[in-house]
Amino acid sequence: MLIRLLNLLGLLGVSLVLLAAFYYQLFHNELPCPICLLQRGCFVALGIGFALNLSVGPSRMHDAMMLVSGLLGAGMALRQWLLHIAPGDAGYGAPLLGVHFYTWAVVAFAASILYVALLLLVEAREGGSSRRQTQGAGLLGGLALWLFVLVVGGNLLSTLLECGFGACAEKPTFYEWLGPKAA
Amino acid sequence: MALMVMMLPFVIGLLAALLAMRGQRFGAILAWAALIIVLLAWLQYHAGDTLNVSL
């Protein structure tokens with residue numbers, strides 16, 4: 001029961017992070033750069049582990065997938081952080097509470113790794129992490145799974161609008177498919 | 001790299017999320033692995049240059 005709740009909260013947390021990024025993209029015109037989009041991709045990869053834990057039951061394999069995704073995302077966010085650490089560099093995008101989004105991403109990915117460690121501890125305590133649940137994800141789990149799928153689909157659509165079928169600009173200022181006036 | 005499609009990770013991610021939601025574990029894990037490989041390749045494309053820092 002606790003494992004299920006933790007996975008549900010984890011998946012909702014990932015969706016919330018992606019929704020927050022979407023909010024700033026749509027309402028504050030903070031268009032994501034290519035490395036920002038890759039970090040969103042790592043959040044999606046992280047969410048897939050939580051989604052699998054919810055739909056087919058907890059497994060160390062799913063937890064390992066989340067750890068790999070979290071480490072890769074933290075590495076990407078740190079790489080972007082190092083890009084802007086030089087004196088006189090104002091950083092990319094507007095800060096949120098005085099901290100840039102890629103720095104928040106480092107914090108979020110580090111928190112996700114700690115969260116998965118907690119999940120592993122609870123799974124070990126409750127016994128048999130490789131045990132499969134026989135029932136489905138449940139109503140709340142199903143809703144969380146749908147929300148996650150919708151958020152990933154939204155990211156696909158917005159990336160298509162922003163970059164088309166090719167590479168993105170390093171510092172995008174408008175949606176390629178909508179033209180300069182739409183941004 | 002000649003082929004660079006920025007939306008590809010989200011196409012694979014959406015496929016993996018749908019497979020996970022339907023309980024198709026093996027397919028979701030395969031798609032997740034493909035997603036990680038594409039993310040790494042795209043990272044090499046966008047962040048493979050030398051950093052302007054002295055550590």
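**Figure 1. Burial and surface of chain A in the predicted model.** Of the 183 residues in chain A, 49% are buried. The model shown is a predicted one. The accessible surface of chain A amounts to about 8500 Å², and carbon and sulfur atoms account for 73% of that area.

**Figure 2. The helices of chain A.** Chain A contains 5 helices and 0 strands, and its order along the sequence reads α-α-α-α-α. The radius of gyration is 18 Å, close to the 16 Å given by the globule rule for 183 residues, so chain A is as compact as a globular protein of that length. The C-alpha trace spans about 55 × 35 × 30 Å along its principal axes. Among contacts between residues at least 6 apart in sequence, 74% join residues at least 24 apart.

**Figure 3. Helix α1 of chain A.** Helix α1 covers residues 2–27 of chain A; at 1.5 Å a residue its 26 residues should span 38 Å, and the 36 Å between its end C-alpha atoms agrees with this. After α1(A) comes N29(A), which has a positive phi, near 55°.

**Figure 4. The buried residues of α1(A) and their packing.** Buried residues in α1(A) include I3(A), L6(A), N7(A), L11(A), V14(A), L18(A), F22(A) and Q25(A). An α-helix has 3.6 residues a turn, so residues three or four places apart point the same way. The buried residues of α1(A) pack against α2 (34–56), α3 (60–83), α4 (101–126) and α5 (138–163) of chain A.

**Figure 5. Charged side chains of chain A.** Chain A carries 9 positive and 8 negative side chains. The centres of these two sets are 9 Å apart.

Notes:
Residues numbered from 1 in each chain as written. Chains lettered and ligands numbered in written order. Predicted model: local features only at pLDDT ≥ 70, side-chain atom pairs only at ≥ 80, totals over all residues. Heavy atoms only, no water. Helix = DSSP H or I, 4+ residues; strand = E, 2+ residues; numbered from the N terminus. Rg over C-alpha atoms; globule rule 2.2 N^0.38 Å. Buried < 20%, exposed > 50% of the residue type's maximum accessible area, 1.4 Å probe, protein only. Contact = heavy atoms within 4.5 Å. Areas by Shrake-Rupley, 256 points an atom, 1.4 Å probe, with all protein chains shown as cover. Lys, Arg positive; Asp, Glu negative; His and termini not counted. Charge placed at Lys NZ, Arg CZ, Asp CG, Glu CD. Expected span 1.5 Å × (residues − 1).
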